[in-house]
Amino acid sequence: DKPPLNFSDSEFAYLMAVGTLASAAGAFLYKVCFREISWHLLFVCSIIMSSALSASQLILIYGMNRSWGISDIWFALGDETINNVVGFIISMPMLVLMSKICPKGVEGSVYALVTSLQMVGGSVGGTFSAYATSGYGVTLHDFSNLGRLTVVTSTVKLVTILFVPLLPNRPEAAREGAKTSLFGGFLLLTALFGGLAWSLGAAINKLLHTPDPHLL
């Protein structure tokens with residue numbers, strides 16, 4: 001069995017600091033290198049790269065990096081850097097798209113709505129992740145199926161490629177043919193409040209059915 005990672009508090013702080021700097025680097029790279037690239041191509045390539053980088057966690061999980069002479073913390077720092085750069089490169093076109101289609105005078109409201117959707121999406125994703133983790137039997141003391149779980153979560157990211165054609169291919173096309181859609185607004189609100197309600201319900205159900213360790 002390979003030894004645990006045992007990262008210290010300071011090493012976790014280094015990972016967070018490096019991640020923040022890498023996000024800024026991602027924004028700079030988008031402005032300098034990727035701003036004129038087709039959005040469809042950029043998204044597809046970024047999603048594939050993000051999936052591959054997520055799968056690279058298998059190297060850390062099975063300790064292969066040690067056989068290459070790379071310590072766990074240095075491998076994690078490199079992985080965090082590349083993931084954050086790619087993540088911000090994906091985020092930048094969405095921010096540009098939001099600025100292009102946002103009606104004048106309601107910029108703050110649109111930004112708050114987009115942020116809320118991102119938060120709800122993160123909560124729903126976290127709930128699905130909790131179910132997947134429980135389904136594979138991964139706990140704080142049993143990581144035997146962590147590799148399989150990593151393969152599944154990395155592969156699921158590729159599903160988002162199917163939605164890329166729904167986006168405009170360039171920033172200038174964001175305003176072309178833009179119109180108000182009541183059905184689109186209904187879907188947006190349904191996704192927002194439905195996702196939030198489902199995520200909260202799943203969390204409450206989990207709390208109610210989790211036995212209190214002090215009563216065992």
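Which residues make a nonpolar surface patch of about 700 Å²? The patch is made by Tyr-136, Val-152, Val-156, Val-159, Leu-162, Phe-163 and Leu-166. A patch consists of residues with over 30% relative accessible area and no salt bridge; like charges are joined within 9 Å, and nonpolar side chains (Val, Leu, Ile, Met, Phe, Trp, Tyr) within 5 Å. The model is predicted, so that local features need pLDDT of at least 70 and side-chain atom pairs count only at pLDDT 80 or more, while totals for chains, interfaces and linings use all residues. Residues are numbered from 1 along each chain as its sequence is written, and side-chain values use heavy atoms, with hydrogens and water left out.

The overall architecture comes next. The protein has 8 helices and 0 strands, and its pattern along the sequence reads α-α-α-α-α-α-α-α. These elements are DSSP runs numbered from the N terminus, with at least four residues for helices (H or I) and at least two for strands (E). The accessible surface comes to about 14500 Å², and 70% of that surface belongs to carbon and sulfur atoms; such areas come from the Shrake-Rupley method with a 1.4 Å probe, and for residues only the protein chains shown count as cover. Of the 216 residues in the protein, 26% are buried. Buried denotes under 20% relative accessible area, exposed over 50%, and partly exposed the range in between (1.4 Å probe, protein chains only). Among contacts between residues at least 6 apart in sequence, 80% join residues at least 24 apart, where contact means heavy atoms within 4.5 Å.

Val-159 is in the loop between helix H7 (146–156) and helix H8 (182–208). With a relative accessibility of 43%, Val-159 counts as partly exposed.

Helix H7 also takes part in a helix pair. Two packed helices are described by the angle between their axes and the distance between the axes. The axes of helix H2 (residues 39–55) and H7 come within 8 Å and cross at roughly 175°. H2 is therefore roughly antiparallel to H7. On the H2 side the contact is made by Ser-51, Ser-54 and Ala-55, and on the H7 side by Thr-150, Ser-154 and Thr-155. The axes are lines fitted to C-alpha atoms, for helices over the stretch in contact, and the angles run from 0 to 180 degrees between N-to-C directions. Angles under 35 degrees count as roughly parallel, over 145 as roughly antiparallel, 65 to 115 as roughly perpendicular, and the rest as oblique.

Two further residues of H2 deserve attention. His-40 is found in helix H2 and, at 24% relative accessibility, counts as partly exposed. Its C-alpha atom is separated by 7.5 Å from that of Leu-167, which lies 127 residues away along the chain. Not counting residues up to four places away in sequence, His-40 touches Val-164, Pro-165, Leu-167, Pro-168 and Asn-169. Cys-45 also lies in helix H2 and is partly exposed, with a relative accessible area of 42%. The C-alpha atoms of Cys-45 and Ile-90 are 9.7 Å apart, across 45 residues of chain.

Ser-23 lies in helix H1 (residues 9–34) and is buried because its relative accessible area is 18%. Leaving aside neighbours within four places in sequence, Ser-23 is in contact with Asn-84 and Phe-88. Asn-84 is placed in helix H5 (residues 72–101). With residues up to four places away in sequence not counted, Asn-84 touches Gly-19, Thr-20, Ala-22 and Ser-23. The C-alpha atoms of Asn-84 and Gly-26, 58 residues apart along the chain, are separated by 7.2 Å.

The segment before H1 contains Phe-7, which counts as buried at 16% relative accessibility. Leaving aside neighbours within four places in sequence, Phe-7 is in contact with Phe-12, Leu-15, Asp-72, Ile-73 and Ala-76. Phe-7 and Ile-73 are 66 residues apart in sequence and 7.4 Å apart in space, C-alpha to C-alpha.

The structure holds 1 salt bridge, a term for a side-chain nitrogen of Lys or Arg within 4 Å of a carboxyl oxygen of Asp or Glu. Arg-66 forms a salt bridge with Asp-72, and the closest N and O atoms are 2.4 Å apart. Arg-66 counts as partly exposed at 31% relative accessibility, whereas Asp-72 counts as buried at 8%.
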